[in-house]
Amino acid sequence: MSEREDIVFSRNTVEFVTVAAEYCAYVERCNEHTAKEFIGTLLKLLPLLYLKAQMLPEGERVGDDELEDFVTEDSYEVLRMNIFDILAENDAYLDVFVAEMKYSDTPVTKRISEDIADIYQDVKNFVCLFQIGINETMHDAIIECKEHFEQFWGQTLVNTLRALHDVRYSTNIDDETEE
């Protein structure tokens, strides 16, 4: 097996693909769940996604072409709004791990729905590229996903996890979903 195939078919890659596909499928079906169910499942899926992304193999891109994006602005916005509808007033949270905070006297407000959609966008693009089944594309998708995890969505994930934990255990989410 070549080094490229080793990365594509490694155990860590296969496990990440599995968790990533499950995350995407669950988020796409978010409107089928109550807020409590949705948050509870995300509190389980997000740490697993983080762990599996950390374990993706290192490597260098082999292709010169830009990788295709599959998540459109419209599909992103529909997903974000569906998540917002579920979370309602629990969507906003204060974030201290953003660059703007260094120069701000006031807290920076973030939205869980936007964070979940941002993570989804990168992960869904990866899953779609992987499903194409071309070794070079799959290899480069792994490398790009790992880079995006390290630079962007990994920090977003842990910040969102903190916010979701707060919503789940510090609010009356049980009462809100019953109404």
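Predicted model: local features only at pLDDT ≥ 70, side-chain atom pairs only at ≥ 80, totals over all residues.
Helices α2 and α3 form a packed pair. Helix α2 covers residues 11-28, and helix α3 covers residues 35-54. Their axes lie 9 Å apart, at an angle of about 155 degrees. Angles over 145 degrees count as roughly antiparallel. The two helices are therefore roughly antiparallel to each other. The crossing of α2 past α3 is left-handed.

Both helices contribute a set of residues to the contact. From α2 come Glu15, Phe16, Val19, Ala20, Glu22, Tyr23, Tyr26 and Val27. They meet Glu37, Phe38, Thr41, Leu42, Leu45, Leu46, Leu48, Leu49, Lys52 and Ala53 of α3. Of these contact residues, 13 are nonpolar, 1 is polar and 4 are charged.

Helix α3 was also examined for length and burial. It has 20 residues, which should span 28 Å at 1.5 Å a residue. The C-alpha atoms at its ends are 28 Å apart, in agreement with that value. Its buried residues are Ala35, Phe38, Ile39, Gly40, Leu42, Leu43, Leu45, Leu46, Leu49, Lys52 and Ala53. Phe38, Leu42, Leu45, Leu46, Leu49, Lys52 and Ala53 are among the buried residues and also take part in the contact with α2.

Helix α5 runs through residues 112-132. Its 21 residues reach 30 Å from the first C-alpha to the last, close to the 30 Å expected at 1.5 Å a residue. Of those 21 residues, 15 are buried, so α5 is largely enclosed by the rest of the structure. Gly133 follows α5 and has a positive phi, near 85 degrees.

Notes: Residues numbered from 1 in each chain as written. Heavy atoms only, no water. Axes fitted to C-alpha atoms, helices over the stretch in contact; angles between N-to-C directions. Helix = DSSP H or I, 4+ residues; strand = E, 2+ residues; numbered from the N terminus. Parallel < 35°, antiparallel > 145°, perpendicular 65-115°, else oblique. Left-handed = near helix turned anticlockwise from the far one by under 90°. Contact = heavy atoms within 4.5 Å. Nonpolar A, V, L, I, M, F, W, Y, C, P; charged D, E, K, R; others polar. Expected span 1.5 Å × (residues − 1). Buried < 20%, exposed > 50% of the residue type's maximum accessible area, 1.4 Å probe, protein only.
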